[in-house]
Amino acid sequence: MNPMLTRSLLRSLATGINGGRYVVNSTATGGAAAAVVKPFEDASVVRVQDLGMLGGQWRRMMSAVPEPKAPDQKEEPKSVSGGEVAVKDEKAKAQAISSYWGVSRPTILREDGTEWPWNCFMPWDTYESNVNIDLHKHHAPTTFLDKVALRTVKTLRIPTDIFFQRRYGCRAMMLETVAAVPGMVGGMLLHLRSLRKFQQSGGWIKALLEEAENERMHLMTMVELVQPKWYERFLVLTVQGVFFNAFFVLYLLSPKLAHRIVGYLEEEAIHSYTEYLKDIESGAIKNVPAPAIAIDYWRLPKDATLKDVITVIRADEAHHRDVNHFASDIHYQGKELREAPAPLGYH
């Protein structure tokens, strides 16, 4: 075949493949043919230099990945209510997460068929407090550490009496922020000891953590009754920070002294709640309806009042008193807590 005819045919095919996007000019220089390819102003066109690029173009045409949109192509947002969309998105997201991990909680109902309203405790965590418990028990100090524990508690009571006087609602709120610390510290340290020594705890880890949780529920109830002021919140932060670290160190050094101090603290708590009840009965403090959280937690009647709430809280404090004095006595006998079964909880 004539070489010139072959080159002309190939050049025509190339021009057809470009789809008219390119201008091909031929210029004879020194008897040789030079091809200068000039694209149009469309910057998105890729220059085709040889027939080998055709395969790449074909693959791009058959790709399932969408081509990027031009900068000026924007979708108009749909006109919907922002609040409704946010709520639906949150519900859908929460449902998707729960379904994926398989930990979604089933609907829990009360005995009357209504839905359980609380997330902080479940129906099986509720109980009826033993209000017939002996409130007058007192551990008479016999050893040097007992006397140190009692003197420490009596000293701590002085600034509390000066600051709160007979504002027993605020006093109770402050008391519960402190009272919830020892059980958590003791349970945590016993938990770590059990892990280190590969030993059972005798049920004391659960008993102490239950005590901490019970005291926390006291606080949640008191917050419903007494709205703390800003300086009282600041005082709570300060007292809790100091007390937690001090009690942590004390429990490491002497668990028997730590439990004895808590036992005496609970005796003071019983006294404070008794005075609280006296003010309610005398009319100095209004006997308001009990908060809903207290009615469900202690299984109180629907028409329960503040007096009923303080009565069951005082009974809980008496139980904590007995548990901590008992724990201290075990240590005084030269034993570890795990060697004596822990007392039963509230349920």
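## Helix 10 and the cores around it

Helix 10 runs for 27 residues and reaches 39 Å from its first C-alpha to its last, close to the 39 Å expected at 1.5 Å a residue (the expected span being 1.5 Å times one less than the number of residues). Helices here are DSSP runs of H or I with at least four residues, strands are E runs of at least two, and both are numbered from the N terminus. Keep in mind that this is a predicted model, where local features need pLDDT of at least 70, side-chain atom pairs count only at pLDDT 80 or more, and totals for chains, interfaces and linings use all residues. Residues are numbered from 1 along each chain as its sequence is written, and side-chain values use heavy atoms, with hydrogens and water left out.

Buried means under 20% relative accessible area, exposed over 50%, and partly exposed in between, with a 1.4 Å probe and protein chains only. Just after helix 10, glycine 334 takes a positive phi of about 80°.

Now for the cores. A nonpolar core is a set of buried Ala, Val, Leu, Ile, Met, Phe, Trp, Tyr and Cys residues joined through side-chain atoms within 4.5 Å. The largest one has 28 residues, and Leu190, Trp204, Phe247, Tyr251, Ile261 and Leu337 have the most contacts inside it.

Helix 8 supplies the largest share, 6 residues. A second, separate core of 26 residues includes Ile108, Met222, Tyr276 and Leu277.

Leucine 337 touches, beyond its neighbours within four places in sequence, Leu190, Ser201, Trp204, Tyr251, His259, Ala327, Ile330 and His331 (contact means heavy atoms within 4.5 Å).

Helix 7 and helix 8 pack at about 135°, with their axes 6 Å apart. That makes helix 7 oblique to helix 8. On the helix 7 side, the contact includes Phe243, Phe247 and Tyr251, and on the helix 8 side, Pro255, His259 and Ile261 are among the residues involved.

Zooming out, the chain has 10 helices and 2 strands, in the order α-β-β-α-α-α-α-α-α-α-α-α. Buried residues make up 34% of its 347 residues.

Conventions
Axes fitted to C-alpha atoms, helices over the stretch in contact; angles between N-to-C directions. Parallel < 35°, antiparallel > 145°, perpendicular 65-115°, else oblique.
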